[in-house]
Amino acid sequence: MQFHHHGYVSKDPRVQPAAGTGLDRPDDLPDEVDVLIVGSGPAGMLLAAQMSQFPDVTTRIIERREGRLPLGQADGIQPRSVETFQAFGFAERIVAEAYNIAYMNFWAPDPENPDNIVRTARTEDYALNISEFPHLIVNQARVLDYFAEAAAHGPGRIVPDYGVEFLGLEVDDDGVDVRVRHTTGPRAGDERTIRARYVAGCDGARSGVREAIGRVHVGDVALHAWGVMDVLVNTDFPDWRTKCAINSSAGNILHIPREGGYLCRIYVDLGEVAEDDDHRVRQTPIETIIAKANEILHPYTLDVREVAWHSVYEVGHRVTDYFDDAGDSGQNPRVFLTGDACHTHSAKAGQGMNVSMQDGFNLGWKLGSVVTGRSPESLLATYSAERRPVAQQLIDFDREWSSLMARKPEEITDPGDLATYYLATAEFPSGFMTQYDASAIVADAAHQALAEGFPIGKRFKSSEVVLVADGNAVHLGHHAKADGRWRIYAFADAEAIALNSWADWVATSPESPVRRFTPADADVDAVFDVKVIYPQRYEDVDVTAVPEIFRPETGPLGLRDWEKVFAAAPSAWTATDIFDERGLSRDGVVVVVRPDQYVAAVLPLTDAAALAAFFDGNMTAV
């Protein structure tokens, strides 16, 4: 990580210097804000962490609870989420405390004794072959803690306003009036109105924000119930510390080991629910769930010593008609929905928290860009347009996975089909299938052949390169932090003739996006982080001869940044060549990546005008 560029740092370098609203943040919730976040779940806390990187934007997050969440329900962390954690600076720490899923095993009735279960398949987890990041299990509460830390340590110094309940809102042409009630402290019971330019409803499946803007959940309930429990047990089941899908004559279990080496989560099939049940199944006692689990696991047994948490839920699949208040009106939205407020489903596919966080990541940089004047308000319409199709894909996937998990033995013709499905669909549950359509922030695919391994509209898939300044192998994508900046990667031609011409244009031309859209009083890389990757070995690149745009002097001390110049050819530290690994043209290519890590454009190194035209469509000149 980079620090000291604002002067010598002797304390935790993760605590960035306060700026803007973070310099004198009032303790009390102000009467006027730019962005009001309602709810401190995964989407809300990620959004707060992102907005803390825009300290000129007044952002507050309200939560009706009195304090932090002590025990979260979600726990599955997909590789794309860990990739996101890397951008926010805490991937390594959360990986260290999480449970890493290495295998998923499958169990079914023993053909010779159907009352017993036997292992039928042992499969490597899909994350092992699809990403450099693992598939983790860790409590949602800890994820929220890390994002809360990132928000509090960012320049904006954002911390939740606990004990504030959302009551309702009214939208007009200039903003939103939000009615709230203080639920704790000396102001408990007081109601007041907060004026916000924009509101993000991150307030869960029973969202008051969703109701206030007239949006509705569309979908159905599958009339099937599952008990879920986090338990500390003694057992003779041999795969207790391995993720398992268990099908038996008595029902089904999805078994997921938890962090810490002892805790496990068990989803226990409680069977079909009568149409007139009226949710009575939700009152199923924990003793019944434990007994059912033992029945399913026969001949193995569970001796439950402690139940940390348990619940019963009925499988439902719903997605909201629109994810903002504008819908198809053609107006610019003011209110947005994220996470469970706009999509709900079963928990067994491990997608809820993961997709919710990507909602927040998608929305955050857009709000920051609009409020700071970098982009027009029309940018905000892309949030619902991009995220609602993803939510529908999630619902469709979860419906299929839930149906497969709930089958009875007599309905299964191939005992291996669940394992096959698990591996064949790996790209979706890992979080890497999302591909945004062409828009003002996603170019067409006219030049995709120049960089086949960076599909336009999909997340930027990292690869190892060598940092020329010191010869260390690093992942190129890991240098992209969640700081709200666009990334422009220039992959050089062999002789660097086209590169040098392009670099001179970016640095000096009035048409250059760096010149047009970076404030005059800001660092040259404040809006665009421009990096270069040479095809040679790092030993063959003279870093002092590299164009100045890749060696900017930034910060109050005007220190040169040495970490924007990379080499692709294999070295003593890496055997990969990103040009080969990602199918990059040896004539050079420019890859533009959005602040949320999605590839926005692939352009010829020889067509600077195309780069100018792309940003003309989504940014506002300063």
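Author: In helix H7, the buried residues are Ile286, Ile289, Ile290, Ala293, Ile296 and Leu297, where buried means under 20% relative accessible area, exposed means over 50%, and partly exposed lies in between, all with a 1.4 Å probe and protein chains only. Seen down the axis of H7, these buried residues fall within an arc of 125°, so they line one face of the helix; the arc is that of the directions from the helix axis to the C-beta atoms. H7 covers residues 286-297, which makes 12 residues, and reaches 17 Å from its first C-alpha to its last, close to the 16 Å expected at 1.5 Å a residue, the expected span being 1.5 Å times one less than the number of residues. Helices (H or I, at least four residues) and strands (E, at least two) are DSSP runs, numbered from the N terminus.

The model is predicted, with local features needing pLDDT of at least 70 and side-chain atom pairs counting only at pLDDT 80 or more, while totals for chains, interfaces and linings use all residues. Residues are numbered from 1 along each chain as its sequence is written, and side-chain values use heavy atoms, with hydrogens and water left out.

Burial can also be followed in the strands. Strand S1, residues 32-38, is mostly covered, with six of its seven residues buried. S1 pairs in the parallel sense with strand S11, residues 191-201, over six bridges, and in that pairing valine 33 stands opposite alanine 196; two strands pair if DSSP finds at least two bridges between them. S1 also pairs in the parallel sense with strand S2, residues 59-63, over four bridges, and here isoleucine 37 has isoleucine 61 as its bridge partner. Together with helix H1, residues 42-51, the strands S1 and S2 make a right-handed β-α-β unit, right-handed meaning that, with the strands pointing away from the viewer, the path from the first strand over the helix to the second runs clockwise.

Within the loop between H1 and S2 lies phenylalanine 54, which is buried, with a relative accessible area of 3%. Leaving aside neighbours within four places in sequence, phenylalanine 54 is in contact with residues including Gly364, Trp365, Gly368 and Arg374, contact meaning heavy atoms within 4.5 Å. Phenylalanine 54 and glycine 156 are 102 residues apart in sequence, yet 6.6 Å apart in space, C-alpha to C-alpha.

The largest nonpolar core has 142 residues, and those with the most contacts inside it are Phe491, Trp502 and Phe550; such a core is a set of buried Ala, Val, Leu, Ile, Met, Phe, Trp, Tyr and Cys residues joined through side-chain atoms within 4.5 Å. Helix H8, residues 352-371, gives the most to this core, with nine residues. Not counting residues up to four places away in sequence, tryptophan 502 touches, among others, Ile488, Phe550, Val590 and Leu605.

Valine 590 in turn stands opposite leucine 603 in strand S27. Five bridges join strand S26, residues 589-593, to S27, and the two run antiparallel, forming a hairpin with five residues between them, where glutamine 597 in the turn has a positive phi of about 80°. In S27, residues 599-604, six of the six residues are buried, so this strand is largely enclosed by the rest of the structure.
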